[in-house]
Amino acid sequence: MKSLALLATLVTGALLLYGTADFAAWGDPQSPPNRNISVHYVEQAVKETHVPNIVTAVLGDYRGYDTMFELVVIYSAGMAVMGILRRREDQ
Amino acid sequence: MRISVQEARDRIPHHDIILETTVRLMVPFIQLYGLYVIVHGHYSPGGGFQGGVILGASVILFALAFGLPASQEYLSEGTNILMANAGALIFTGIAVLCALLGGMFLDYSALVKILPIDPISWRSHGIFLVEVGVGMGVMMIMISIYWDMASAGHLDEGLHMASASQTDKVL
Amino acid sequence: MEDIAAHIMAKYNYWIYVVLMMIGFYAMIGKRNLVKKLLGMNIFQTSIILFFISTGAKKGGSIPILDKYAALQGAVDVNQVVNPLPHVLMLTAIVVGVSVTGVALAVMQRIYRKYGTLEEDEILLKIENE
């Protein structure tokens, strides 16, 4: 069982390492993730929201819907822990 | 089975004066720092999640040093639940308010109908209001998770192994 | 041969994340203790967070907090500011990870309360014997 797990891990790792051949080099400003929407964020976020911290601007404004449900996720987690663990006074 | 604060304090093996004094001195400063991280999130690394976790950690530190019932005198269970709900409601409430005032959902510039300032400034202030809601929610949920986990759901001192005796009954 | 060495040196960060991911993945599927499985999941998650953050890195780039008045006049060089988008996404991922860890620990405490153990095979035995 353990050797099977080790085999699965090694195969997955080898596949992923093979996949890294197509990735952009580290720190390349022209890599695909750095060329698309983030250019708009860096250039326009301060003009559009007056927030110098771009991470906060994206988190609170451009991706506000995402952040709202992030708060809902952590709220649900708290309620779930309460429901799983908390006992009534007589228990 | 709840126990009183006095009983809980007696149950702590020994009072450590260095620990208690240090925590009593540090907790207000940790909370001030947490508030700073939330409020200054527009200009420095920080924001609702980070500041909320720091604020929650201050109460968790208090609970570690003085015992869980003492921390519940400091911040009652009712306030905890109420503020967790209020935090989530501030965020969703502002989002719905924007939609009701004629903008898009979560488009803070629609809030200009409440207070006529520059719509772009409103987007900045809207982010701030939302971050306060996030901070409240995260702080209270962190404290609540700690309380439940440290005391196995009893919300008392948590030093006893209530679960072990129950396990014997089951098996 | 030198090509391969240069190739690896340009992307050695991905190799570190893959090794971290393998450690976490092995802990998740190879270990029988539930707490160790959870630790493995957290290591796995860390490797993915590091991977996303590193995709946003730029050589010589500074933090994504700008000078407000310079930025309002459009004096921003995109190549000098790291990509803020992975940071935002991973902030979300960290918070979700904390929630998942909390719920998982609560479920484990509940399992321990019922079965008195966190070893997978012992729990299965006890379920069969009920």
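Tutor: Begin with the term itself: two residues are in contact when heavy atoms lie within 4.5 Å. Please bear in mind that this model is predicted.

Student: With that cut-off, which residues is Asn53(A) in contact with, leaving aside its neighbours within four places in sequence?

Tutor: Its partners come from chains B and C: Gly41(B), His42(B), Tyr43(B), Ser44(B), Pro45(B) and Gly46(B), together with Pro64(C) and Ile65(C). Asn53(A) itself sits in the loop that joins helix H2 (37-49) to helix H3 (54-62) of chain A.

Student: Is Asn53(A) buried or exposed?

Tutor: A residue counts as buried under 20% relative accessible area. Asn53(A) has 4%, and is therefore buried.

Student: How many residues of chain A are in contact with chain C, and how much area do the two chains bury?

Tutor: On the side of chain A there are 52 residues, in contact with 51 residues of chain C. Between them the two chains bury about 4,700 Å², with 71% of it on carbon and sulfur atoms. In chain A, the greatest losses of area to chain C fall on Trp26(A), Val42(A) and Ile84(A), which together make up 14% of what that side buries.

Student: What polar features cross the interface of chain A and chain C?

Tutor: The rule finds 13 residue pairs in polar contact, whereas the count of salt bridges is zero. By class, the side of chain A that touches chain C has 31 nonpolar, twelve polar and nine charged residues.

Student: How many salt bridges link chain A and chain B?

Tutor: Three are found across that interface. In one of them, Arg123(B) pairs with Asp61(A), the closest N and O atoms being 2.7 Å apart. There are also ten residue pairs in polar contact between chain A and chain B. H4(A) supplies the largest share of the side of chain A that touches chain B, namely 13 residues.

Definitions and conventions:
Residues are numbered from 1 along each chain as its sequence is written. Chains are lettered from A and ligands numbered from 1 in the order in which they are written. This is a predicted model: local features need pLDDT of at least 70, side-chain atom pairs count only at pLDDT 80 or more; totals for chains, interfaces and linings use all residues. Side-chain values use heavy atoms; hydrogens and water are left out. Helices (H or I, at least four residues) and strands (E, at least two) are DSSP runs, numbered from the N terminus. Buried means under 20% relative accessible area, exposed over 50%, partly exposed in between (1.4 Å probe, protein chains only). Buried area is the accessible area (1.4 Å probe) that two parts lose on being put together, summed over both. A salt bridge is a side-chain nitrogen of Lys or Arg within 4 Å of a carboxyl oxygen of Asp or Glu. A polar contact is a pair of N or O atoms within 3.5 Å; within protein, one must be able to donate a hydrogen and the other to accept it, and residues adjacent in sequence count only if both atoms are side-chain atoms. Ala, Val, Leu, Ile, Met, Phe, Trp, Tyr, Cys and Pro count as nonpolar, Asp, Glu, Lys and Arg as charged, and the others, Gly among them, as polar.
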